[in-house]
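Please read the following note alongside the sequence and the coordinates.

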Amino acid sequence: MTQTFTFDATDLNIVEQLRRNGRANNQQVAERLGLTATTVSTRIKRMEDANQLRVVAVSDFTAHGFNVLQRFWVEVDGRPASEVAHELADLPEVVAAHLVTGRYDIDMLVALHDFDDLSEFLFEKLSTVRGIRSMTPAIVVDIIKYKFDVAPIEGRD
Amino acid sequence: MATPNLDALDHQLIDLLARDARVSNRKIAAELGVTEGTVRGRIKRLQQDGLIAFTAITGFEMGTRTRLAFINIQADVDRVREVARIIAEIPGINAVLIAMGQFNITAMCLIDELDRLVELASDQILAIDGVHHVETSIAVKTVKYNARMAKITRPEVIDDDD
């Protein structure tokens, strides 16, 4: 992906309005910025087509029934860490997986419905992934802030 | 954290709006075979219950220098919430989690330069009263990430003029 896209001031103003209220229609955004609805519509489409913007509903973990969140730091041995990470990422319980620098090789976030699911996840799923040397868990007890306005955006079909 | 009571229609709405939040109530109603009033009411309830929030996500290409970084923190147990709140107020910090484990707080941020991470971790966070130790790690590759699922922590501004 070498294509470059630059947001101009008008683009950024539109994005700002959509961050405040993603459900605002073109006319409402246009009125707030002194633009025409056509300009707003064209600009949004251009940003979306370049895969640089998605206006979406973000849903809470609990809306999906995930009441237990855990982070696992994984140390890999005898196998490329990226291979292990991809295999872990295939598990539906793993909601995020990153290859990281530092003491551990993989940092992942795991979402479970409740603690009863933990043994199945550990013994039937994680234990089948080759190359895991150690796992250091942390139980997430509270989330004070969780706001990512910038993320890798996948293309649309 | 109680599991909210959501029915199939709620889940359909969440899925639809996760793809594109700008689709009109009329279109959603037609697609799901319900009235516009039902769509409006359901969306409002999901927002009020803090189960969905609408936002604009802008992309960063994986080839650019922007990286997700984790700052793992050991803080005084009796001050962990207070410290976490202070960290959450630091500009540039995207997420703050309190956990039980080797570290009791993790802050996440997006950085363009390594200097910025050192500034956040070693200058700002380590200087907070009650913080004893910080360790940083940078995501060199994101293998899986879903921006559509998060913890919704702020009350949603609900516009009625839709």
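1. B:Ile105, in this predicted model, contacts B:Ile73, B:Ala75, B:Val80, B:Val83, B:Ala84, B:Ile87, B:Val96 and B:Ile98 when neighbours within four places in sequence are left aside. Contact requires the C-beta atoms of two residues, placed from the backbone, to lie within 7 Å. The model is predicted, with local features needing pLDDT of at least 70 and side-chain atom pairs counting only at pLDDT 80 or more, while totals for chains, interfaces and linings use all residues. Residues are numbered from 1 along each chain as its sequence is written, and chains are lettered from A and ligands numbered from 1 in the order in which they are written.

2. B:Ile105 also belongs to the largest nonpolar core, of 58 residues, where A:Ile106, A:Met108, B:Ile105 and B:Ala107 touch the most other members. A second, separate core holds 31 residues, among them A:Ala24, A:Val40, B:Val39 and B:Ile57. Such a core is a set of buried Ala, Val, Leu, Ile, Met, Phe, Trp, Tyr and Cys residues joined through C-beta atoms within 7 Å; buried means that 20 or more other C-beta atoms lie within 10 Å of the residue's own, with C-beta atoms placed from the backbone.

3. Chain B is divided into domain 1 (8–48) and domain 2 (67–138), with bounds that come from an automatic or database domain assignment. The C-alpha centres of these domains of chain B are 37 Å apart.

4. An open sheet of 4 strands has the order β6(A)-β1(B)-β1(A)-β6(B), with mixed pairing. Strands are DSSP runs (E, at least two residues), numbered from the N terminus, and two strands pair if DSSP finds at least two bridges between them. β1(A) and β1(B) are antiparallel over 7 bridges, and A:Ala57 stands opposite B:Phe54. β1(A) runs parallel to β6(B), joined by 2 bridges, and A:Ser59 stands opposite B:Met149. The edge strands are β6 of chain A and β6 (149–150) of chain B, each pairing on one side only.

Technical notes: Buried ≥ 20, exposed ≤ 12 C-beta atoms within 10 Å, placed from the backbone.
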